[in-house]
Amino acid sequence: MVLGDLSSRITSAIQSLGKSAVVDDEQIDACLKEISTALLQSDVNVKLVMSLRNAVRNRVKLDDALGTSSGVLNKQKTIQKSVFDELTKLLTPSTEQPVFKPKKGKSSVVMFVGLQGSGKTTSCVKYAYHYQRKGWKVALVCADTFRAGAFDQLKQNAAKIRVPFYGSHSETDPVRIAAEGVEVFKKEKYEIIIVDTSGRHKQESALFDEMKQVATAVEPDETIFVMDSHIGQACYDQAHAFHSAVPVGSVIVTKLDGHAKGGGALSAVAATNAPIIFIGTGEHLDNLEPFEAKGFVSRLMGMGDISGLVNTIKDAVNIEEQKDMMARLQHGQFTMRDMYSQLQSVMKMGPLGNIMSMIPGMSNMAMPEGFEKHGVERMKKFVVMMDSLTDEELDSAKPITETSRIMRIARGSGVHPEQVVELIEEHKKFSKIVSRMGKAGLMNNQGLASQIGRNPAQMMNKLSSVLPQNMLNQMGGAGNLMNLMKNLEGHEGMADMMKALGGPGGMGGAMKKKRR
Ligand code: GDP
Ligand code: MG
């Protein structure tokens, strides 16, 4: 979780309320004081913090007067809810602006602006990667002729994600390069053409002039302002200055992984009414998270983000492949090709830490050092090995046993034969789980949520008997897993997906009927 310190302090301040027998004014004040201090230390503007504190206090008073929530747990809930609402307000622009959306089959030009070192080039590539993963035709143009090495930096990163790029080592006119690059990619029907511009160390007229000239030449459909979060609430003035120079459409706030002033940065940008569309959460190319105030605050408060999770799943899952697999799973079959597509979906979902923060009950779970990196590398290696399998091997549910085959796969993928054996063992492990789940009736598409609703204890037993204990522990226990499934299936977005998968009315459908 980004802003991890702020997150754990807010969460524990609210949890501490639930620990005592009564919640009186004194305890509420102490809780609000702790939350305020945490926000101030994250550099949120003092006026904003004061007004948040007052608003929460007033809500609690009103609640008391109306007598709507008595009892410790209810009071805790009221406070949690009002802190949630106020924090969300703090991160939501007061006027809603239309946010740019690319159009299929049409070329859109997206220009990135910002100071030098703010993370523009990195964010351009992350942005390209984000859309490319979703199936868009993207291209990069380097119009930074100011900094030596700018073109090479973009070139190397673009090559990593296999996105075409345009730039020059010798041309010194950024306007010309930008115009040429955009023209080339428009002709080739690229859908999202990203223009990286140069920065300067500070806001100076040369930078603004250049920005305006590039903008005139490429006529951007969207201008994204990239800002480093380390200056905290000072982001407000910087955003204003850029805003008055070029019409900024939206903002990416970077380096939220590394700085203590992230809360201040985000709230200051929101105060300028420019929508934050993404946040940068690390140096890796997949460390870019779509930003949405409600989901962000929900995760910050350790409450998870079911909508965000559903969207992530929907983006990563290939419905057609999934359909085929479901059919096989009902017969207890899990082929290597199924494992291949599952691994690819998981990798598409982005960093594991990000997924975990969306799961209620797991938001604040700390991951062991290197867990993420190790896991991703292992998955990538599996995928490379599976690329060396024949179609017949991919489609068979039977494990590969012949030494000659193992040797051939190892040679083909450049790994040690032991690693191929590891892959085969992993596949066996999953096959076993799948077949046990099928036998326990957990695969029949009828909606796990409704089964949970009918008989929670029985479901708990089923889950504990089919899933290995360490896997269950990693998911926060069977209780947490059941909650997650209920939440997921109850979500409208998930119901659509289940319908597309051909479940009887969809799993979510079962939930809805029950509610009526
Ligand atoms: P530019 O001058 O605006 O193009 O900035 P760069 O993209 O070259 O980034 C400057 C430095 O910030 C590089 O070392 C990047 O790796 C680093 N950086 C960019 N975004 C992030 C982020 O979200 N988190 C962290 N930790 N580093 C970042
Ligand atoms: Mg740059």
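These legends describe close-up views of a predicted model.

**View 1. Buried and exposed residues of helix H21.** Helix H21 spans residues 456–466. Met 459, Lys 462, Leu 463 and Val 466 are buried. Seen down the axis of H21, these buried residues fall within an arc of 95 degrees, so they line one face of the helix. Ala 457 and Asn 461 are exposed and sit on the face turned away from the buried side.

**View 2. A salt bridge between Lys 255 and Asp 228.** Here the N to O distance is 3.2 Å. The pair links distant parts of the chain, 27 residues apart: Asp 228 belongs to strand S5 (residues 222–228), while Lys 255 lies in the loop between strand S6 (250–254) and helix H10 (262–271). Asp 228 has a relative accessible area of 12%; because this is under 20%, the residue counts as buried. Lys 255 is partly exposed, at 31% relative accessibility.

**View 3. A salt bridge between Arg 337 and Asp 395.** The closest N and O atoms are 2.7 Å apart. Arg 337 is partly exposed, at 32% relative accessibility, as is Asp 395, at 43%.

**View 4. A salt-bridge network.** Arg 378, Glu 422, Glu 426 and Lys 429 are joined into one network by salt bridges that share partners. The whole structure has 21 salt bridges.

Notes:
Residues are numbered from 1 along each chain as its sequence is written. Chains are lettered from A and ligands numbered from 1 in the order in which they are written. This is a predicted model: local features need pLDDT of at least 70, side-chain atom pairs count only at pLDDT 80 or more; totals for chains, interfaces and linings use all residues. Side-chain values use heavy atoms; hydrogens and water are left out. Buried means under 20% relative accessible area, exposed over 50%, partly exposed in between (1.4 Å probe, protein chains only). Helices (H or I, at least four residues) and strands (E, at least two) are DSSP runs, numbered from the N terminus. The arc is that of the directions from the helix axis to the C-beta atoms. A salt bridge is a side-chain nitrogen of Lys or Arg within 4 Å of a carboxyl oxygen of Asp or Glu.
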